[in-house]
Amino acid sequence: MELRKFSLKLILLIPVFGLVIGLNYQVDPANLFRDSYERGIADLLLEGRNIANCTNNDDRLVQKLYIDGSSKPKDIVIFGSSHAMSIHACFFGGKTVFNHSVAIAEVYRQRGMMPGTIIVSLDPWLLNRNNGQLRWISLVGDYQAAVRRLSLPSNSMALPVRFSLSTKIYMELISPSYFQESLRFWSIGLEDPQLVPGKYYVTEEAVGNVAICLSDGSLSRSTWARSRDPDVDDVGATDALENFNHIDPIHKKMFELWISSLQKDGVQVVFLLAPYHPKAYSYLVHSPDYRIILDVQSYYEQFAHQSRILLLGSFDPADIPCSADEFYDEQHAKESCLERILSNEFGSN
Amino acid sequence: MVKAMLFNSVEFFIFFPVVTVLFFVLPYRYRWFLLLAASCYFYMQFIPIYILILFFTILVDYVTGLAIEGTSGSRRRLFFLISIVANVGVLVLFKYLNFLNGSLSALFHFAGWQYPIGPLSILLPIGLSFHTFQSLSYTIEVYRGSQKAEHHLGILALYVMFYPQLVAGPIERPQNMLHQYREEKHFDYQNVTDGLKLMAWGLFKKVVIADRMAVVVNQVYRDPASFNGLQLIIGTICFAYQIYCDFSGYSDMAIGAAQVMGYKFTDNFKQPYWSRSITEFWRRWHITLSNWLRDYIFFPLRRTLLRRDKPLPNWLNLVIPPLITMTVSGIWHGANWTFVIWGFLHGFYLIVSALTEGWRARLLAFSRLERFPRVLAVLQTISTFALVTFAWIFFRAPTLGDALYIVSHLFSGLNAVLANLGNYDFIANMFTVLGFEDKVDWMILAAAVVVLECVQFLQQRGQVRVMLSLRPAWQRWILYYSLLAAILILGMFNRSQFIYFQF
């Protein structure tokens, strides 16, 4: 009797939960529940279009779909993270270039389209076992193929991580913070649908009021991001560097095997160390918890030397040199800084 | 940020109903195991290996509890001491070792000597002080003979680990909880709905008030030198509300979650900022800790002093127990000199309050304020709130230097503020730099505090639950929907931890 009474009361709450789940699914601010979103972006990139407002996508998936739709290999491709996103094709003269800013070599290999040169932008956290990076899971099939091919030990990790990630995605359906974001996007859309973050559209411009995904795969930041004076704090500098006590031997081995497999495929590998903002770098090297980035840079330099790989740049902005106003934030250098690093080797003319 | 299953997380919104449904579906004899397994899972969301610390102290308390009950004389005392040393030892090792090491290092540095040991890399187990004190109260009560030793290891483990109160209390006594874990709990409509309402109210306090206040507090306390005296005062008052809503919100959710399953926890807060004296404040703030300190430190200490062969002067009997008790309270909260001073300051308040009782009574009679009891009550409430809030400066400031800076600059720049009281831009800018650029955020904050104080006003007069039940259903449901809408739309769900998790 009491249970029945309680169940009836619960029914009165269904509209609230229904509203939360419905709005989260329908508005879906991070495009978690829509498959067509990434394909649309990839198709436009393949057509050589610039796309404005293309945030909130699964960039790994976009890159994979892009390669699937490509017909000719590139002269140069760029792998790495967001640190390398501002490297544009114009830095490399007339060569065909695509900036993936995510490591996606296995997809190229499987499609038989390995490029002539791969620029690998190296982050310190690549060698941190606790870097918390799960974004590679979008490419889990290709990841596992690479793991098998290189006889790496960690393929057993993929399934639970994928399960955990998909669980997390579906939990967003009932997430109050996702609901608030959905509500915000919905209200912005009522005023002007073009202003909804992630609602992408084709543009001829290379720089605009919103971020633009250029047809060469690189990212052009908004005019606002370009003009603002960034707030540099410790938190922004330490992303993915938490609990980084030592260079993880497994990650190191995976990295070395992967690089040597690229070399065996006849690819010219170039390492790029993108610098930190001067204040962020100073904080990292003076903090006992993050000083390890010095060891990581030494290791990258040593490995590059042993493997006869050209290494450009440094985590230390003073080595380039790049000044504080050549950064978007703690970790992301502006085009002028990145072009300076690459110009000696590749030249823009 | 340390990973944990927070009461304000989506994970908990799934975990709690699943465990509750299983609890009522399972036969009575398996329920203790379900709750224990759920509590282990809950705790292991933090650092899984740290559960061994809990297992260790539970096992020691289990064995020594039985041994204390079965022996007498010096052996009984020995087992009691073993349990105390094991529990306090774990607390010292994980919470205070770095503090002691750092203090020694500073002392050596001051003396110009080399100190060989650097900072130790130890992550504080979540809620360590809470479950240690709860474990200690079991041993002490068994030793005192007021509680029988628990023969069921699983039930004792559940007493220490029951997930709603595992990481931030209430700190329960074995007399209140152990028997409850043996009782067969049935689905009770009143308990379930009251518990859920209390959880919703606690969540409102946490995500709408505390986490919104945190924006201002963090801004001010990150760099106090950037703000004038009025902004420092506003930041500190915001912290007073933040910590109250954060901790009492957690307590409400813990009490509510347990109540849904039929378990009754002790109330932890009773409108503490409505207190008219510091003594009353400590009867209303973190009640279970206050009672613990009172019963296990204050009273025994006072009895010891009064029973001395050579009695101490009366004023010393008045000074020593509160000063030591409150300093221990400060140390319990955190391994930092700021917490020690916070506790010491409250001890000082209590001593001054006791020593000046007669003088204050004469002043009251002289002022004739007693003829205006409401005015008197308001004045006493405001002055108590001011004293408590002043002490919070030491609690919140990251370093002693920051705390002293704030204390010494509370009235700096006030002339400029007074001169610009009519200048809207000046006032608006003063609030903007405190963290909220939009005045709507300030209005939401103010409205939320008004709602809080209205509810507390009603709580002073009786049980809000009962008052609600007397209203028509449509009015009640408008309130429930409003509460849910406020949580969903105005809540800040950025996975901010509960402040007391760190203790």
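Student: Leaving aside neighbours within four places in sequence, which residues is N228(B) in contact with?
Tutor: Please keep in mind that this is a predicted model. Apart from neighbours within four places in sequence, N228(B) is in contact with S412(B), G413(B), V417(B) and M430(B).

Student: And where is N228(B) found?
Tutor: N228(B) sits in the loop between α9 (189-222) and α10 of chain B.

Student: Does N228(B) count as buried or exposed?
Tutor: N228(B) counts as buried, because its relative accessibility is 17% and the limit for buried is under 20%.

Student: Let us turn to the nonpolar cores. Which residues touch the most other members of the largest one?
Tutor: Those are Y273(B) and W392(B), in a core of 133 residues. Helix α10 (residues 229-260) of chain B gives this core its largest share, 17 residues.

Student: What does Y273(B) touch, not counting residues up to four places away in sequence?
Tutor: Its partners include A240(B), Y241(B), I243(B) and Y244(B). Among them are also F281(B), W285(B), T381(B), F385(B), V388(B) and W392(B).

Student: Which residues does the second core include?
Tutor: The second core is separate and has 50 residues, including F79(A), F255(A), I292(A) and Y300(A). As general background, nonpolar side chains tend to be buried together in soluble globular proteins.

Student: New topic: how many disulfides are there over all chains?
Tutor: The count comes to one disulfide over all chains. C322(A) and C337(A) form a disulfide, with their sulfur atoms 2.0 Å apart.

Student: Which parts of the chain does that pair link?
Tutor: The pair links distant parts of the chain, 15 residues apart. C322(A) lies in the loop between β9 (310-313) and α13 (335-343) of chain A, whereas C337(A) lies in helix α13 of chain A.

Student: Why is the disulfide of C322(A) and C337(A) right-handed?
Tutor: The reason is the torsion about the S-S bond, which is about 90 degrees, so the disulfide is right-handed.

Student: Are these two cysteines buried or exposed?
Tutor: C322(A) is buried, with a relative accessible area of 7%. C337(A) also counts as buried, at 0% relative accessibility.

Student: What about C238(B), and which cysteine sulfur is nearest to it?
Tutor: C238(B) is in no disulfide, and the nearest cysteine sulfur, that of C245(B), is 11 Å away. C238(B) is buried, with a relative accessible area of 7%.

Student: Is L158(B) buried or exposed?
Tutor: L158(B) counts as buried, at 0% relative accessibility. Leaving aside neighbours within four places in sequence, L158(B) is in contact with W32(B), L35(B), L36(B), S39(B) and Y181(B).

Student: Finally, the backbone. Which residues does a cis peptide bond join?
Tutor: A cis peptide bond joins I320(A) and P321(A), with omega about 0 degrees. P321(A) is placed in the loop between β9 and α13 of chain A. In general, most peptide bonds are trans, and most residues other than glycine have a negative phi.

Student: What is phi of R308(A), and what is that of Q271(B)?
Tutor: Phi of R308(A) is near 55 degrees, a positive value in a residue other than glycine. Q271(B), which is not a glycine, has a positive phi of about 40 degrees.

Student: Are R308(A) and Q271(B) buried or exposed?
Tutor: R308(A) counts as exposed, at 79% relative accessibility, and lies in the loop between α12 (292-306) and β9 of chain A. Q271(B) is buried, with a relative accessible area of 10%, and is found in the loop between α10 and α11 (278-284) of chain B.

Key
Residues numbered from 1 in each chain as written. Chains lettered and ligands numbered in written order. Predicted model: local features only at pLDDT ≥ 70, side-chain atom pairs only at ≥ 80, totals over all residues. Heavy atoms only, no water. Disulfide = S-S within 2.5 Å. Helix = DSSP H or I, 4+ residues; strand = E, 2+ residues; numbered from the N terminus. Buried < 20%, exposed > 50% of the residue type's maximum accessible area, 1.4 Å probe, protein only. Core = buried A, V, L, I, M, F, W, Y, C linked by side-chain atoms within 4.5 Å. Contact = heavy atoms within 4.5 Å.
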